[in-house]
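User: I am new to reading protein models. Please walk me through this one.

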Amino acid sequence: MAIVKNDSVIDQEWITIDAEADLPPGEENIIVPLARFKEERETLIGRNGGLGVQLNPGDAPEDLANDLDRLSIIAVNFPAYTDGRGYSYARVLRERLGFKGELRAIGDVLRDQILYMHRCGFDAYELKNDDDVSLTKVRAALKEMTVYYQPTGDGRVTAGSLRERRRTALKSAS
């Protein structure tokens, strides 16, 4: 698996722990499912290593609202490319709850989805291809479009706001 973040391929520094596995004894960076985080919150927060949560379809990102400052990463699982709930999760986490840490798309992440994922707040993508082509694909995907109709939290101007700027400029010039 290749992980692309901030225009680079990065090493996997996180261990994903399932619901039944023992916690590593050291200071490893771990990602646990939301249900486990809720059940073992105090123990997990008390560890010395980095802490992250994996959100799966059906989870509620709002359940993390009071603990976002304690999480370094949230991994949002896309079990199938047709499941779009992760996009909504990202927007809730970034725009409504103000999560500032790494938001990583995992699972069935396709090149064609990366631009839309980025616009919703994702800044890291776990891709199944492990070579340099992955970085090239992500870079190309992020540059595919330059004008958008839908506003999102990524700060890019929309086609409507560009038209309004042009109208204002033309009125000012006349």
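**Reading the sheet**

Analyst: Strand 5 (residues 51-55) and strand 6 (residues 73-78) run parallel, joined by four bridges. Two strands pair if DSSP finds at least two bridges between them. This is a predicted model: local features need pLDDT of at least 70, side-chain atom pairs count only at pLDDT 80 or more, and totals for chains, interfaces and linings use all residues. Residues are numbered from 1 along each chain as its sequence is written, and side-chain values use heavy atoms, without hydrogens and water.

User: Which residue of strand 6 stands opposite L55?

Analyst: V76 does.

User: What packs on the sheet?

Analyst: A contact means heavy atoms within 4.5 Å. Here helix 3 (residues 85-96) touches strand 5, strand 6 and strand 7 (102-107). Axes are lines fitted to C-alpha atoms, for helices over the stretch in contact, and angles run from 0 to 180 degrees between N-to-C directions. The direction of helix 3 makes about 160° with that of strand 6.

User: How many helices and strands does the chain have?

Analyst: Helices (H or I, at least four residues) and strands (E, at least two) are DSSP runs, numbered from the N terminus. The chain has six helices and eight strands.

User: What is the order of the strands in the sheet?

Analyst: The sheet is open, with mixed pairing and the order 2-1-8-7-6-5-4-3. Strand 2 (8-10) and strand 3 (15-16) are at the edges; each has a single partner strand, so one side of each lacks a neighbour in the sheet.

User: What share of the chain is buried?

Analyst: Buried means under 20% relative accessible area (1.4 Å probe, protein chains only). Of the 174 residues, 41% count as buried.

Note on methods:
Buried < 20%, exposed > 50% of the residue type's maximum accessible area, 1.4 Å probe, protein only.
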